[in-house]
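Please look over the structure shown below and keep it in view while reading. The report that follows takes up a few of its parts in turn.

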Amino acid sequence: MSNGLAILAVDDEPRALADIKHLLETSASVDRVATATSAKEALVYLSGGRYDALFLDVHMPEIEGMALARLLRRFADPPAVVFVTGHPDAAVEAFEIQALDFLVKPVGRERLEAALDRVEAQSRPNSAPMTTPDAVAPGAPAGTGGGPDVVAVDNPKGGGKRLVRLETISIAQANGDYARIVCDDGRFLLRTPLSQLEKEWSPAGFARVHRAYLVNLTQAVELRAQLNGTAVLVMRDGTEVPVARRNVAALRRRLHA
Amino acid sequence: MQDRAHASPTTPAAAPVSVHFVNNVLAAAASYIEVEPDTARDILARLGAFLSHRLRPSRVITLAQELDHVADYVRLEQARFPGRLEAELPQPERVPSTECVPGEVQAPLAETLERWLGQRRGRVRLALRARMDGATLEAQFDEPDDPASTAERIRISLSSPATTAGGVS
């Protein structure tokens, strides 16, 4: 099971495509990004895998973005379409064909995240709500309430497993079917979805603050509000973790408890 | 370069700037910020020069100034489409001392070049030449990697700036 979004970005302009790919890849909501430089290439990708959304240029050679979007509506389970274009005038037509969003190049981070929120809401309307920090036992020590003391992670040096004490882990980040673990000894991969880790580690003081992040609240030092209603949780080592808008209030109460 | 620009009440307006072009150049600049910051800065500087040339109040300029503007435009297209555009432009200091309005050469060139870059996958070559009469330029577009492709030529006739803007023939 994957926690993040799978996005296919389509644009015939290589640098514009590189820009949107970079933005998507560095978004905590996105797990996988594929790119195509034409509508035909996009159709090949779509025939080989499922994507939550297409980030689609409007004007492309051969098959234009609007035509591809219309074609996708015939799919049994079409991905959401977000137009990314230098043509602001195309917005009306985009919404006529029920595009989920319409972004004008160059795309800002905040606007992109808002579009991804809409994709997430549309593609996973029935997904289980994230555990709010209120549900976490406050300051519970590792090993209490049935939680593990140590976890076995993949050892990148020489293979095998390495044992990591749970209390030394600061962040677990969704990475496809894996979780990327950040701890005092470095970064490791764990072959467990974040949702399962959330259940197992909650008694040890971990909280899901974002779809892609599980954090050890005992290592958090600051909650920094953002203008768009989200927040950033600053960890002891200075790492900044995004906090989803819907989790901010509960997390603030939890940290001030 | 000496600025010989001047305006009169009847000076035709500069050719309009394509919003699509500006937005895509900005997206290209954004893509370079982390990997090639100097390239990103160069793109933004050239875009600034491009917009200044076109958005300043209506005025008459020299053909040499317009060719500097075309050079900026070509560099911006090369940033959008790396490795896909070759351009041969007249040396501004060697063209006849003709006058025109901002964008009078760039706009028709861009209209054709956008189509060539959009509809083809390979490299596109642009060769622009000014006729010695000073009133006409000729542009040829072709694909250097495809000998079988058919070249396209356009002629750009400069207007008499005090009356009307020029066009493509």
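In this predicted model, β11(A) and β12(A) form a hairpin with two residues between them; helices (H or I, at least four residues) and strands (E, at least two) are DSSP runs, numbered from the N terminus. The model is predicted, with local features needing pLDDT of at least 70 and side-chain atom pairs counting only at pLDDT 80 or more, while totals for chains, interfaces and linings use all residues. Residues are numbered from 1 along each chain as its sequence is written, and chains are lettered from A and ligands numbered from 1 in the order in which they are written.

| Strand | Partner | Sense | Bridges |
|---|---|---|---|
| β11(A), residues 206-210 | β12(A) | antiparallel | four bridges |
| β8(A), residues 169-175 | β12(A) | antiparallel | three bridges |
| β13(A) | β14(A), residues 231-235 | antiparallel | five bridges |

Within β12(A), A:Val215 is the bridge partner of A:Ala207, and A:Val215 is also the bridge partner of A:Ile171. Are the two faces of strand β12 (residues 213-216) of chain A covered or open? Both are covered, with A:Tyr213 and A:Val215 buried on one side and A:Leu214 and A:Asn216 buried on the other, where a residue is buried if 20 or more other C-beta atoms, placed from the backbone, lie within 10 Å of its own, exposed if 12 or fewer, and partly exposed in between. Of the 257 residues of chain A, 43% count as buried.

Another part of chain A is an open sheet of three strands, in the order β13-β14-β15, with antiparallel pairing. Its edge strands, each of which pairs on one side only, are β13 (220-225) and β15 (240-243) of chain A. Neighbouring strands of this sheet are turned by 25° against each other on average, direction ignored. Helix α7 (residues 245-256) of chain A packs on the sheet, where it touches β13, β14 and β15 of chain A, and its direction makes about 140° with that of β13(A). For such angles, axes are lines fitted to C-alpha atoms, for helices over the stretch in contact, and the values run from 0 to 180 degrees between N-to-C directions. In β14(A), A:Leu233 is the bridge partner of A:Leu223.

In chain B, the axes of α1(B) and helix α2 (residues 37-55) come within 7 Å and cross at roughly 160°. The two helices, α1(B) and α2(B), are therefore roughly antiparallel to each other, a term used for angles over 145 degrees, whereas those under 35 count as roughly parallel, 65 to 115 as roughly perpendicular and the rest as oblique. On the side of α1(B), the contact is made by B:Val25, B:Ala28, B:Ala29 and B:Tyr32, and on the side of α2(B) by B:Thr39, B:Ala40, B:Ile43, B:Leu44 and B:Leu47; two residues are in contact if their C-beta atoms, placed from the backbone, lie within 7 Å.

Finally, the chains meet where 15 residues of chain B are in contact with 15 residues of chain A. On the side of chain B that touches chain A, α1 (19-32), α3 (63-80) and α4 (106-119) of chain B each supply at least two residues, and the largest share, nine residues, comes from α1(B).

Key
Pairing = 2+ DSSP bridges.
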